[in-house]
Amino acid sequence: MKKAFSRKNLWEVMPSPVKKLASIVLSRIPLEYLIGRKFRETTRLIHCAEKWTRAEVDTYHLKKLQEQVSNAYNKCPAYRKLYDDAGIDISSLHKLDDFKKLPLIDKAFINENIDDLLLVDKNNSDVDYVTTGGTSGIPLTFYINAGRSQIEYAYLVDAWKKAGFKLGDSKAVFRGRVTGTKNSLNYSFDPVFNEHYYSNFHMSDSDMRAYIEHIKSLKSCYLHVYPSSVYQLARFIKREKITIDNVKGILAESENVYPEQRVFVESVFHCRYFSSYGHTEKLVAAGECEFCCDYHVWPTYGYFELIDEQGEVITEKGKTGQIVGSGFMNTVMPFIRYKTGDFAEYVGDFCEQCKRNHLIVKNIRGHRVQEYLVASDNSLISWTAVNMHDDTFDHVMQYQFYQDTPGYSVIKVVADHLFSEQQKLRIEENIAVKLKGRVKVKVEVVETIPLTGRGKSIFVDQKIPL
């Protein structure tokens, strides 16, 4: 797997003793400077864009899209062929409506043309190789600049600020990180970012009771979570009649958010539940504002479109369409008018409450569903926590977890001609490390993975009643 040398990548692989020593030194540096220049520049751009008029938003989008299309056409053979075959003259794209002429692309287009979509040499020191399960369990592979993390974090912090969060505030995190064990607690701590990590691979009653006691020992904190993990935690707190009053806000990402879960979690923790939307491809992103639960799309992150079944852009309130994104962050491999497989309902282009001229949507739904594996102790593990973003599923065309016994799962894979016994063992070993023995897995190569009766694919074919 190719992984670029960057601050984030270096920090992730640093041994714990070295990381602990480095943290003592790094904690003396103001966090916004430690994160980096791109973080500070992006933060300023986000704040500036909050005051933009609709005309200023459109002007920014037009300029960025013209740059993207020009670079893609001149440097990427796959885009040049795509636009030439469609009869597109890229010099004729003078207004935003003109970009509707460009063909939509999808995962198959990226996977089939990966080497002909590069703006730079994929072996450059600033290039990361990424895979994601994506829609239908068919892995998407692409390249992206390693420096994206600083930019991405600026948008996350901006979303969290709507909840009252300030950079450096304490966070209790339930988001799929493999933690160590400290005093029998599945827990680790990052003193630089003041983040307390709890293992949502370990969510038995005794685990959750220990997590809650530890969280209550913090002066105050925000919960940074998968929607599925905080819902499990809230159900346990409600059932055990536990009182917890030091959580200032819920910061949820990476899965669908369901209204009934939001209401329930807020009733347990007595604070606002804030959700934001994004994806591994880094094309578009959105977050709730201070006053409502509708998603406000950041205009500086990427160009966001809602497309109906006829391929037309939706501008009618209440109508639902597929999210199509053209990202501004990836300087290695452009995604232009990419169909994400996610869907949302159009609300408008202006928020009457916060006064931002942002595109607004709600009811985002897609392949980031809340599906679970059942551990050997009958606790639940969110599939989102298991999803791999490295080369674990290279040479796999599609995969699906099948489970009918707690603590054991078959991973069905549809393999390509380069798949080997070594690759099979690698998948089993990597997933075993991620799950830390909570669920034993075995890979089974199959010819096809059938769809549901409604023609949909699922990641976890779960036969155990949850």
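**Note on the predicted model**

1. The protein exposes about 21,200 Å², and carbon and sulfur atoms supply 52% of this area. The structure is a predicted model, and the remarks below should be read accordingly.

2. As to overall composition, the protein contains 13 helices and 21 strands. Of its 466 residues, 55% are buried. When contacts between residues at least 6 apart in sequence are considered, 66% of them join residues at least 24 apart.

3. Which residues of α4 are buried? They are Phe39, Thr42, Thr43, Ile46 and Ala49. Viewed down the axis of α4, these buried residues fall within an arc of 130 degrees, and therefore they line one face of the helix. As background, an α-helix has 3.6 residues a turn, so residues three or four places apart point the same way. The partners of the buried residues of α4 are α3 (31–35) and α8 (148–161), against which they pack.

4. A further helix pair deserves mention. Helix α9 (residues 205–216) packs with helix α10 (residues 227–240) at an angle of about 90 degrees, their axes being 10 Å apart. Because angles of 65 to 115 degrees count as roughly perpendicular, α9 is described as roughly perpendicular to α10. On the α9 side, the contact is made by Asp205, Met208, Arg209 and Ile212; α10 contributes Gln232, Leu233, Phe236, Ile237, Arg239 and Glu240.

How values were computed. Residues are numbered from 1 along each chain as its sequence is written. This is a predicted model: local features need pLDDT of at least 70, side-chain atom pairs count only at pLDDT 80 or more; totals for chains, interfaces and linings use all residues. Side-chain values use heavy atoms; hydrogens and water are left out. Buried means under 20% relative accessible area, exposed over 50%, partly exposed in between (1.4 Å probe, protein chains only). Helices (H or I, at least four residues) and strands (E, at least two) are DSSP runs, numbered from the N terminus. The arc is that of the directions from the helix axis to the C-beta atoms. Contact means heavy atoms within 4.5 Å. Accessible areas come from the Shrake-Rupley method with a 1.4 Å probe; for residues, only the protein chains shown count as cover. Axes are lines fitted to C-alpha atoms, for helices over the stretch in contact, and angles run from 0 to 180 degrees between N-to-C directions. Angles under 35 degrees count as roughly parallel, over 145 as roughly antiparallel, 65 to 115 as roughly perpendicular and the rest as oblique.
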